[in-house]
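Please find below my comments on the structure under review.

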Amino acid sequence: MPEMGLVDVHHSAVKLEATNRGYERGLIELAERGADIIVMDADLAGSSGTSEFRKRFPDRFMDIGLCEQDMLGTAAGIALAGKCVYVTTHGMLAAGKAWDIIRSTICYGALNVNICGADAGLSAGGAGGSRQSLEDVAVMRTLPGMTVVVPADSLEAKKATIAASRIPGPVYLRFAAARVPIITTDITPFTVGKAEVYRRGDDVSILACGVVVYEAMKASRMLEDNGIGARVINCHTIKPLDRAIISRASVETGALVTVEEGASIGGLGGACAEALAQTGRATPLKIVAIDDRFGESGEHEELLNTFGLTARGISAAVREVISRKKDEQPQS
Amino acid sequence: MSPTPVELREVATVLRRDVLTMLLEAGSGHPGGSLSCVDILAVLYWHAMKVNPERPTWEDRDRLVLSKAHAAPALYAALARRGYFDVRELLTFRKLKSKLQGFPDMQKTPGIDASVGSPGQGLSIANGLAIAARRDRKNFRIYCLMGDGEAQEGQTWEAAMTAAHHGIDNVCAVIDRNHMMGDGNTEEIASLAPLGDKWKTFNWHVISVDGHDVEALSAAFNEASSTKGKPTVVIAKTVKGKGVPFMENRPEWHDRKLTEDLYEEAMRALA
Ligand SMILES: Cc1ncc(C[n+]2csc(CCOP(=O)(O)OP(=O)(O)O)c2C)c(N)n1
């Protein structure tokens, strides 16, 4: 689909980069353009992706120390004074430790704070279950007025970072520490709230977000060789969800698979299930995600494999929903 | 029959070497903050704490809450050398399906008294254990090992108030005061000084020691045990990366990956 400007991941060598880096480049580009932004970090500049920004724009940067709650509260004050602020910490610390401050100060005041959850999903790898944030999308999504974006690669991460500066309310951006394939290019369209079809297909739709969009693309390609047309939709914005594209996918393909590097409860899968159930159409749906458990130590790729977040795992889920489609909707 | 200071120092060297080997094998993890608290752990597990490695869940044992959970390799090395599990397990640290997770998981590792991960949460857990012990008329002690960067977390001070208010004297907090955190020097990023005075005004008994002097540490833990009516904090002045010259006081060694060459150089320094 050349109009999307996607990298041909099946034929050319892919470049790898952490989406944390895209965040950093987005911040630098904003500052270079003269945007009046303030960037905060809580003793994670070395890993989260703000160290280069700190070097280039020291007067726009503040490292507040291991004070995530204070950081979110202080950011609220900075936003209250009319400034555009980005706060940076681990996904699980933003969504966990600072959640009440985000809820009761930032969201209650509809304040313009952009929250970066770095090292999210399984990308904290060896650090294991306590550091891997799988619940962040679910808990951020419940907050009134919160926008939630999970970029697929570092380029999309950069676009999302820049786009957040134009969104007046709070935004949660989720990034990963693991080096993952770059599948988009500068010309690939990206609009917050608008999902994009990355591969066409009429037998099933795969809705994915984050670094596993790449795996969905690979799965679709594998399935194509077996005569199954799997549409791939990059559903980078979990909230507001692009309900129209999901509804269309359910009508046109009759079966859905969601894929995310997070908890099976309340994330992209949950959001799609809510949207779908309310259309009144019975469409088989399979949520490929991490089912009611913590992550564990291991290399990022090993963990994706363990949890079935791979082209193979996705293909198996596709076959399952397609067979259910036949069972549940007998030919009339 | 407590080990002699010479023996304790030998234990500490063995643990430092184990930590480096684990980190090399794992390919990730935190060298600096693990090395800085090794002497503290050696004195705790070989001198101060009443434990029985054959019965890791013995009800009357003293407990350790590793609030600075990123120092897990140092604790795992201590547990293995103390006999809780096979030393060879150390090589599985941070690997898929390992007993030894990046951050301590009591459901997987014998000898871990509390699962921990997020800095700043340990002291509250220690207080809870102490309150339960008091109700059961048990006299075990709870040690909580914290980083100084961790003392920036608000929960640390909530817990400090709770412990003092309730006169919890079976908790001993130990602060690994290496003046470093993830991004650099604590006093440049979010200053903690005067740290001892802060704890004093929170009504804690404060003992300041050299955190690499095993005799001073032993004496401090003895003093803490005999201090009644209030909690004790041992502020242990340490060097981040202690024992490996190229790591000492270098902030990048908070979580930098070891190479084979650097590993060899570090092991030579610890021969
Ligand atoms: C709540 C929380 N904040 C931050 C981190 C990331 N982190 C882990 S250790 C650390 C620095 C800790 O500094 P300190 O307590 O002084 O430890 P030390 O210098 O002894 O290693 C940071 C920022 C985290 N895992 N959880």
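This is a predicted model: local features need pLDDT of at least 70, side-chain atom pairs count only at pLDDT 80 or more; totals for chains, interfaces and linings use all residues.

1. Position of the ligand. The ligand is situated between chains A and B. Its surroundings comprise 24 residues, and the closest of these are A:Glu68, B:His70, B:Pro119, B:Gly149 and B:Lys240.

2. Polar contacts from side chains. B:Lys240, listed among the closest residues, places a polar side-chain atom 2.7 Å from an oxygen atom of the ligand. The side chain of B:Asp148 also takes part, with an N or O atom 2.8 Å from a ligand oxygen atom.

3. For B:Met180 the backbone is involved: one of its N or O atoms is 2.7 Å from an oxygen atom of the ligand. On its own the ligand has 590 Å² of accessible area, and the protein covers 99% of this.

4. Composition of the ligand shell. Sorted by class, the residues around the ligand are six nonpolar, nine polar and nine charged.

5. The second largest pocket. This pocket has a volume of about 500 Å³. Its lining consists of 22 residues; those nearest its centre are A:Gly129, A:Ser130 and A:Phe294 from chain A, together with B:Asp105 and B:Ser115 from chain B.

6. The lining residues of the second largest pocket divide into 11 polar, seven nonpolar and four charged. Within chain A, domain 1 (15-181) and domain 2 (196-327) each supply at least three residues to this lining.

Key:
Residues are numbered from 1 along each chain as its sequence is written. Chains are lettered from A and ligands numbered from 1 in the order in which they are written. Side-chain values use heavy atoms; hydrogens and water are left out. A residue is near a molecule or strand if one of its heavy atoms lies within 4 Å of it. A polar contact is a pair of N or O atoms within 3.5 Å; within protein, one must be able to donate a hydrogen and the other to accept it, and residues adjacent in sequence count only if both atoms are side-chain atoms. Accessible areas come from the Shrake-Rupley method with a 1.4 Å probe; for residues, only the protein chains shown count as cover. Ala, Val, Leu, Ile, Met, Phe, Trp, Tyr, Cys and Pro count as nonpolar, Asp, Glu, Lys and Arg as charged, and the others, Gly among them, as polar. On a 1 Å grid over the protein atoms alone, a cavity is a set of points where a 1.4 Å probe fits but cannot get out, and a pocket is an open set with protein on both sides within 12 Å along at least five of seven lines; lining residues have an atom within 4 Å of a point. Grid points are joined across faces, edges and corners, and a volume is the space filled by probe spheres set on the points. Domain bounds come from an automatic or database domain assignment.
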